Amino acid sequence: MREEAVPTADLNTSVQFIKGIGVQRAKSLGKLNICTLRDLISYFPRAYEDRTLTKRISDLQPGELACVEAMVTSPPTLSRIRKGLELVKLRAVDDSGALDVTFFNQAWLKNSLKAGETYVFYGKAEGNLLRRQMANPVVEPADRREQTGRIVPVYPLTAGVSRLLLSRSIRQGLDACGNILPDVLPEGVRQAYQLCHAGFAYENIHFPASPEALDLSRRRLAFEELFLFTIGLRRLRSRRDEVRTTPFKGVDMAPFYAALPFTLTAAQKRCVEEALGDMRSGRPMNRLCQGDVGSGKTMVAAASVYFCVKNSRQAALMAPTEILARQHYDGLSPLLERLGVRCALLTGSMTPKTKRTLSAQLAAGEIDFIIGTHALISGGVDYQRLGLVVTDEQHRFGVGQRAALASKGDSPHMLVMSATPIPRTLALILYGDLDVSVIDELPPGRQHIGTSAVSGGYRPRLYAFLRRQVEEGRQCYVVCPEITESEDGDDGRKAVMQYAEALRAEVFPDLRVAFVHGKLKAKEKEAVMSAFAAGETDILVSTTVIEVGVDVPNATVMVVENAERFGLSQLHQLRGRVGRGVHKSYCILISDSKNEDTRQRLRVMTQTTDGFKIAEEDLRLRGPGDFFGLRQHGLPGLRVADLGCDAALLKEAQAAADALLAQDGDLVSCPAVAARVSELFHQSADALN
C-alpha cells in the first residue's frame with residue numbers, strides 16, 4: 001500500500017497512515033503499544049547518551065562510553081563459536097593507536113564494513129591502556145552520521161523494533177503533526193511559569209538541539225504531566241466527596257480492644273480512629289493505611305470490620321494470593337468469631353459446590369465477614385449489605401479490581417492496606433484520590449534483623465551458616481534476580497532454576513531445596529509456598545514472588561543474590577519475610593558491584609530498618625521507577641516527571657492547577673485541558689464524568 005500521510009490526520013490517526021511508516025512498521029510499533037500518532041510522539045526516551053564528543057583511541061579510559069573515529073585496517077572476520085553465537089572481529093586505527101572491535105550475532109557487518117573506510121564507533125571502552133577494545137558498539141560511516149555526533153535518546157525497545165527504526169518513525173511522526181499539535185496548557189499558565197511551546201518541547205525531547213534545549217523541553221513536558229495529573233486527582237476527590245451514604249452509628253469498641261492479647265500502639269489507635277471517623281461521616285471512606293512490615297495494619301482492618309458488622313453491614317477482605325487470604329483467615333477469624341462476627345473464607349481453588357454454598361450464605365446475610373482472593377468479585381458472588389471493602393497489599397490490585405468489589409455494595413467504605421512504605425511526596429501522587437493513614441511505629445518486641453552486605457567471596461561461609469541454621473531447625477530464603485540463565489550465561493546474574501539445582505546437587509544434597517518463581521502456574525506456586533510454610537522445605541530459592549506472601553515465623557535467613565539489581569524498598573520488603581518469629585534473624589545481601597553508588601545504597605540497608613527512611617533514600621537515589629507503576633491503580637503513569645527530582649516543579653504545577661480550578665472548576669474555559677484529563681484518566685472515567 002502507498003505510504004501517504006492522510007490529509008485529515010489528527011493525533012488519533014493510526015501510525016500506519018503516517019508517511020514513511022506503513023503497515024509492516026506499524027505492526028512492529030504496535031508491540032510497544034504505539035498505535036496512534038499521539039502514542040508515537042509521546043513515546044518518550046528513558047535516558048540519553050551524549051555522543052557529541054569524539055575521542056582519540058589513546059585517550060580512551062576503560063569503562064567509559066565514547067565515540068571514536070577510526071579506519072578499518074583489514075576485512076572483518078566472521079567466526080562461529082557455537083550454535084547461536086557468531087563473532088565479527090576487526091581492527092580500526094587512528095593516528096594515536098589501534099582498537100579491537102567485536103560484534104556479537106551481527107554477521108551482516110562482515111560484508112558491510114570495508115577495509116580502508118573510516119567509521120565512527122560508539123561504545124564502552126574495554127581492555128587496558130596497551131590494548132583497547134570495544135564490544136558491540138554502534139557503528140556508522142564517518143561521512144553519514146545519524147546515530148552519533150549528537151545527544152541520542154535511549155528508548156525501551158522490543159523484538160523487531162530497533163533504536164534506529166523507532167527514531168526514524170518518531171521523526172516522521174513529528175513531521176506529520178507539526179501543524180496539528182495542540183498546546184494543552186493555557187497560555188497564561190505557560191507564560192507565568194516560563195514554559196516553552198509544545199512543538200519545541202516534543203521536538204527537543206526526542207531530538208535535542210543542545211543540552212539547554214533538552215532541559216527546557218523536559219521541564220515543559222514534566223510540568224504538563226503534573227498539572228494535568230493534579231487536576232484529574234482534584235476532580236476525582238471532588239466527585240468522591242459529593243457521594244453520600246448513610247452514616248454509621250457509634251459503637252462501643254471496648255469489647256474489641258479487650259479481646260486483643262496485646263495493646264495497640266498509639267499509631268494503630270490513631271489510624272483506627274481515622275477509619276471509624278470516615279465511616280461515621282456520611283460519605284464513603286476511601287483510605288490508605290500504610291505501614292512498615294510488622295507494624296500491625298491488620299489490626300486496623302480488624303477494628304474497622306468489627307465496627308462495620310456492629311452497624312449491621314457485611315465486610316470483605318481481598319488478598320492477592322490464596323495463601324495470604326488463608327493466613328488472614330487463620331489470624332482474624334478466631335478473634336472476630338469470639339466477638340460474634342461470622343467469618344468465612346472464599347478462594348478460587350474451592351469446589352464449585354462450596355463456592356455456591358458460601359455465595360448463598362453471603363446473599364442471605366448469614367456471613368458477616370468474608371476473606372478471599374479475586375473469587376470475591378466473581379459474577380456469582382452477591383452480598384446482602386456490603387458495607388466495607390478491605391484490600392491487602394494495595395499495589396497488587398488496580399482501580400478496576402477495587403471498583404469491581406465495591407460494586408457489590410451500595411457505595412461501601414474502602415480501606416486499602418500497603419506494607420510498602422511510600423515517601424509522602426509519592427503517596428500524594430499515587431493515592432491522590434485517597435486519604436492516607438500512616439502507622440509510623442512498630443509494636444514493642446519486634447526484633448531487629450541483622451543485615452550484612454558482602455561480596456560473592458563470602459558464599460562458602462554463607463553456605464556453612466545456612467547449614468547451621470537448618471540443623472537448628474530453621475528455614476532459609478535465597479532470592480535471585482532471574483528465573484533462568486541468559487543465553488550468554490556469563491553476565492553474573494544468578495538464576496532461580498540453575499541455582500536451586502546447584503544447591504541440591506553440589507552444596508546441600510542432604511537438605512530439602514525447592515524453588516518458586518512467577519512463571520509457575522498459580523497452583524504450583526501455592527503448593528511450593530504451602531510446603532515451605534508447613535516446614536517441609538529447608539531452603540526456598542525464589543524470585544521476588546515471595547516479596548509479598550506467606551508468614552513463616554520459622555524462616556530466619558534471607559539471602560539476596562545480585563542485590564544491586566533490586567531497589568532499596570524491594571530489598572526492605574524481602575528482608576521483612578524473616579524476623580517474624582522468636583528466633584534471631586538475618587538478611588545477607590550479596591553483590592560484587594564495584595560501583596560506589598551501589599555500595600552506598602546497600603550500606604543504607606545495613607544502617608536502618610526504618611522502611612520510610614529507606615523509601616525516601618530510594619526515591620532520592622533511583623527516582624520513582626522502583627516503586628510500582630501508576631497504571632495498575634487506574635491512574636496515568638508519569639512518563640517524563642521524576643518525583644525524586646521534580647518536587648519543586650510539582651508544587652508549581654499543583655499551584656497552577658488549583659488556581660485554574662478555583663476560577664473554573666468545570667474547565668469550561670479550557671476544553672483542551674478537560675479533554676486531555678479525561679483521556680489520561682480513562683480507567684476512572686466514571687468518576688470524572
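F307 is buried, with a relative accessibility of 0% (buried denotes under 20% relative accessible area, exposed over 50% and partly exposed in between, with a 1.4 Å probe and protein chains only). The structure is a predicted model, in which local features require a pLDDT of at least 70 and side-chain atom pairs count only at pLDDT 80 or more, whereas totals for chains, interfaces and linings use all residues. Residues are numbered from 1 along each chain as its sequence is written, and side-chain values use heavy atoms, with hydrogens and water left out.

The model contains 11 aromatic pairs (rings of Phe, Tyr and Trp, the last by its six-membered ring, with centres within 6.5 Å; planes under 30 degrees apart are stacked, over 60 edge-to-face and the rest tilted). F248 and F307 form a tilted pair, with 6.1 Å between centres and 35 degrees between planes. F248 is likewise buried, at 6% relative accessible area. A second tilted pair joins Y477 and F532, at 4.8 Å centre to centre and 50 degrees between the planes; both residues are buried. Ring pairs also connect Y193, F223 and F227 into a cluster.

The charged end of K494 sits over the ring of Y499, 5.7 Å from its centre, and K584 lies over the face of Y586 at 5.8 Å from the ring centre (the criterion being NZ of Lys or CZ of Arg within 6 Å of the ring centre and within 35 degrees of the ring normal).

The protein chain has an average pLDDT of 85, and 89% of the residues score at least 70 (pLDDT is the predictor's confidence in each residue, from 0 to 100).
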